[in-house]
Amino acid sequence: MGSDWENVVVDAEDPGRLARWWAEALHYQITYERPGEVEIRRKADEFPGIVFVTVPELKTVKNRLHIDLRPDNQEAEVERLVDMGARHVDVGQGTVDGWVVLADPEGNEFCVLTPRT
């Protein structure tokens, strides 16, 4: 007997705002919303989803888990995400080939990878 991956849960100061940002970034849709909790998925019946929940404290340290995105065009995707409100961050990665580290509007780090070859 195994388990199915249902969701990743992200703590947020403003779950609705952050869920909408990620839904736009990933081309997902909001599948559930109530005060303090918003879920997004690629399609309503497709798992896993991402659930954003309200927490009282602000983010203060580097995430221990993060999302990696692999677009067709890394440079264009980084530019699009920065235009949406992401920002470049340094989590100690130094100069690397293969990925760019960004943070969403609430400071959650994620990576934008180069295309698969």
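Leucine 26, in the predicted model, makes contact (heavy atoms within 4.5 Å) with Ile50 and Leu69, once neighbours within four places in sequence are left aside. Leucine 26 belongs to helix H1; helices here are DSSP runs of H or I with at least four residues, strands are E runs of at least two, and both are numbered from the N terminus. At a relative accessible area of 15%, leucine 26 is buried, given that buried means under 20%, exposed over 50% and partly exposed in between, with a 1.4 Å probe and protein chains only. The C-alpha atoms of leucine 26 and arginine 42 are 7.8 Å apart, with the two residues 16 places from each other along the chain.

Histidine 27 sits in the loop between H1 and strand S2 (29-34), and its phi is positive, about 60 degrees, although histidine 27 is not a glycine. Most residues other than glycine have a negative phi, and most peptide bonds are trans. Histidine 27 counts as exposed because its relative accessible area is 61%. The peptide bond between phenylalanine 47 and proline 48 is cis, with omega about 0 degrees. Proline 48 is placed in the loop between strand S3 (37-41) and S4.

A word on the ground rules: this is a predicted model, so local features need pLDDT of at least 70 and side-chain atom pairs count only at pLDDT 80 or more, while totals for chains, interfaces and linings use all residues. Residues are numbered from 1 along each chain as its sequence is written, and side-chain values use heavy atoms, with hydrogens and water left out.

Now for the strands, where pairing requires at least two DSSP bridges between the two. S2 and S3 run antiparallel and are joined by 5 bridges, with tyrosine 32 having glutamate 39 in S3 as its bridge partner. The hairpin of S2 and S3 has 2 residues between the strands, and glycine 36 in it takes a positive phi near 85 degrees. Elsewhere, 4 strands form an open sheet in the order S5-S8-S7-S6, with mixed pairing. S5 and S6 are at the edges and each has a single partner strand, so one side of each lacks a neighbour in the sheet.

Within that sheet, S6 (residues 87-88) and S7 (residues 99-103) run antiparallel and share 2 bridges. Arginine 87 is opposite alanine 103 in S7, and histidine 88 has leucine 102 as its bridge partner there. S7 also pairs with S8 in the antiparallel sense, over 5 bridges, and valine 101 is opposite cysteine 111 in S8. In the hairpin of S7 and S8, with 5 residues between the strands, glycine 107 has a positive phi near 95 degrees.

Glutamate 109 is part of strand S8 (residues 109-113). Despite the charged side chain, glutamate 109 counts as buried because its relative accessibility is 13%. A polar atom of the glutamate 109 side chain lies 2.8 Å from the backbone nitrogen of asparagine 63.

Valine 9 is placed in strand S1 and is exposed, at a relative accessible area of 52%. Not counting residues up to four places away in sequence, valine 9 touches Val51 and Val53. The C-alpha atoms of valine 9 and isoleucine 50 are separated by 5.8 Å, though the residues are 41 apart along the chain.

That leaves the largest pocket, which holds about 910 Å³ of space. A pocket is an open set of points on a 1 Å grid over the protein atoms alone, where a 1.4 Å probe fits and protein lies on both sides within 12 Å along at least five of seven lines; lining residues have an atom within 4 Å of a point. The volume is the space filled by probe spheres set on the points, which are joined across faces, edges and corners. The lining has 39 residues, and Val8, Val10, Trp22, Ile50 and Ile67 lie nearest the centre of the pocket. Strand S1 (7-12), helix H1 (15-26), strand S4 (49-54), strand S5 (67-69) and helix H2 (74-84) each give two or more residues to this lining, and S1 provides the largest share, 5 residues. By type, the lining residues divide into 20 nonpolar, 5 polar and 14 charged, where Ala, Val, Leu, Ile, Met, Phe, Trp, Tyr, Cys and Pro count as nonpolar, Asp, Glu, Lys and Arg as charged, and the others, Gly among them, as polar.

How values were computed. Polar contact = N/O pair within 3.5 Å; in protein donor to acceptor, adjacent residues only side chain to side chain.
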